[in-house]
Amino acid sequence: MRSRYYGTAEALGFQEALAAYHYLTSRIDRTILRYGRFLIDTEALLVPVNLDCFHCHLVHGQTCCEQGQPYSMTGTNLSLFESHALPILDRHAQDERVETARVRGVFEATAATDHHSCIRKFDGDCLYLVKQGGQHICSIHRYALEEKIEPAQLKPFSCSLFPLEIIEMDEGILLTAVTPDTMDFSRWGDFYHKHYSCVNPARRPKGTPAHYFSARDYRPAWLWARDLLVSYWGDADVTSIESKLSLPV
Ligand code: SF4
């Protein structure tokens, strides 16, 4: 029962792997459909999501990049990031984090990262979260746009993946999303459903202005990560996977 969070070096714990296995076996060939090595969760991938990230701090007091750090990186995602890691900070950070990164490195492996090498925290937040123009932004994403690099290739894969979840299992690659039914095994856990209106409209605080996390801007989870998957798997596979989904026209 081997399983790993796709795009990371991190295996699921025993309980999570068991929960993922039960989730899969209770749905396979019913709502989870096969396409080659992919196991497509046709219900979860359609849950409504609104990644109104620019308004997140205003509505919830903090974004998901604050007080946290990304999952580990692998393969070309890791090597591309490493080749730009310090130039990103040189350009977009003005405080002592630049020196910290030079002296101690941009990664750390601690009990909080389950001893996997992950982008370190600085002052409680992800090292690459910076404030510009009054907004919290990901400096990796900003730098990638400036350098005409696909952001999904340069940022940690997991950061771009939300609200989807992808797990490599013995049975295939499970392609699902953050829902109450996947929180027992997903890398996202129950945190987002408990705290954020992007995946749980019930968490939208009373009195929130109508255009913040606007009800009409919720779209199927799949659509938020489609471009990411095209950049990793190519258009043909992604289009074939998508043909299994009953997306609204
Ligand atoms: S790498 Fe960017 S998107 Fe990921 S946690 Fe850090 S600031 Fe947020």
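Asp-29 lies in the loop between H1 and E2, where helices (H or I, at least four residues) and strands (E, at least two) are DSSP runs numbered from the N terminus. The structure is a predicted model, in which local features need pLDDT of at least 70 and side-chain atom pairs count only at pLDDT 80 or more, while totals for chains, interfaces and linings use all residues. Residues are numbered from 1 along each chain as its sequence is written.

**Backbone geometry**

- Ala-20, Tyr-23 and Leu-24 are the buried residues of H1. Viewed down the axis of H1, these buried residues fall within an arc of 95°, so they line one face of the helix, the arc being that of the directions from the helix axis to the C-beta atoms.
- An α-helix has 3.6 residues a turn, so residues three or four places apart point the same way.
- On the other side of H1, the exposed residues are Phe-14, Gln-15, His-22 and Thr-25.
- The cover over the buried residues of H1 includes strand E1 (3-5), strand E2 (32-35), strand E3 (38-41), strand E11 (164-169) and strand E12 (172-177), with two residues in contact if their C-beta atoms, placed from the backbone, lie within 7 Å.

**Ligand shell**

- Around the ligand stand Cys-65, Pro-70, Ile-119, Cys-126, Tyr-128, Leu-129, Cys-138, Ile-140, Lys-155, Pro-156 and Cys-159, a residue being assigned here if its C-beta atom, placed from the backbone, lies within 6 Å of the molecule.
- This shell divides into 10 nonpolar residues, no polar residue and one charged residue, where Ala, Val, Leu, Ile, Met, Phe, Trp, Tyr, Cys and Pro count as nonpolar, Asp, Glu, Lys and Arg as charged, and the others, Gly among them, as polar.

**Domains and their contact**

- The protein is divided into domain 1 (3-53 + 162-242) and domain 2 (65-158), with bounds that come from an automatic or database domain assignment.
- Taken over C-alpha atoms, the centres of domain 1 and domain 2 are separated by 23 Å.
- Nine residues of domain 1 are in contact with 11 residues of domain 2. Helix H9 (residues 221-233) gives the most to the side of domain 1 that touches domain 2, contributing three residues. The residues of that side of domain 1 divide into three nonpolar, three polar and three charged.

**Individual residues**

- His-193 is found in helix H8 (residues 191-195) and is partly exposed, with 17 other C-beta atoms within 10 Å; leaving aside residues up to four places away in sequence, His-193 touches Pro-180, Met-183, Val-199 and Asn-200.
- Trp-233 has its place in helix H9 and is partly exposed, with 14 other C-beta atoms within 10 Å, and the C-alpha atoms of Trp-233 and His-195, which are 38 residues apart along the chain, are separated by 31 Å.
- Ser-79, in helix H3, is exposed, with 10 other C-beta atoms within 10 Å, and lies 33 residues from Leu-46 in sequence and 33 Å from it in space, C-alpha to C-alpha.
- Ala-215 is placed in the loop between H8 and strand E13 (219-220) and is exposed, with 10 other C-beta atoms within 10 Å.

Terms used: A residue is buried if 20 or more other C-beta atoms lie within 10 Å of its own, exposed if 12 or fewer, and partly exposed in between; C-beta atoms are placed from the backbone.
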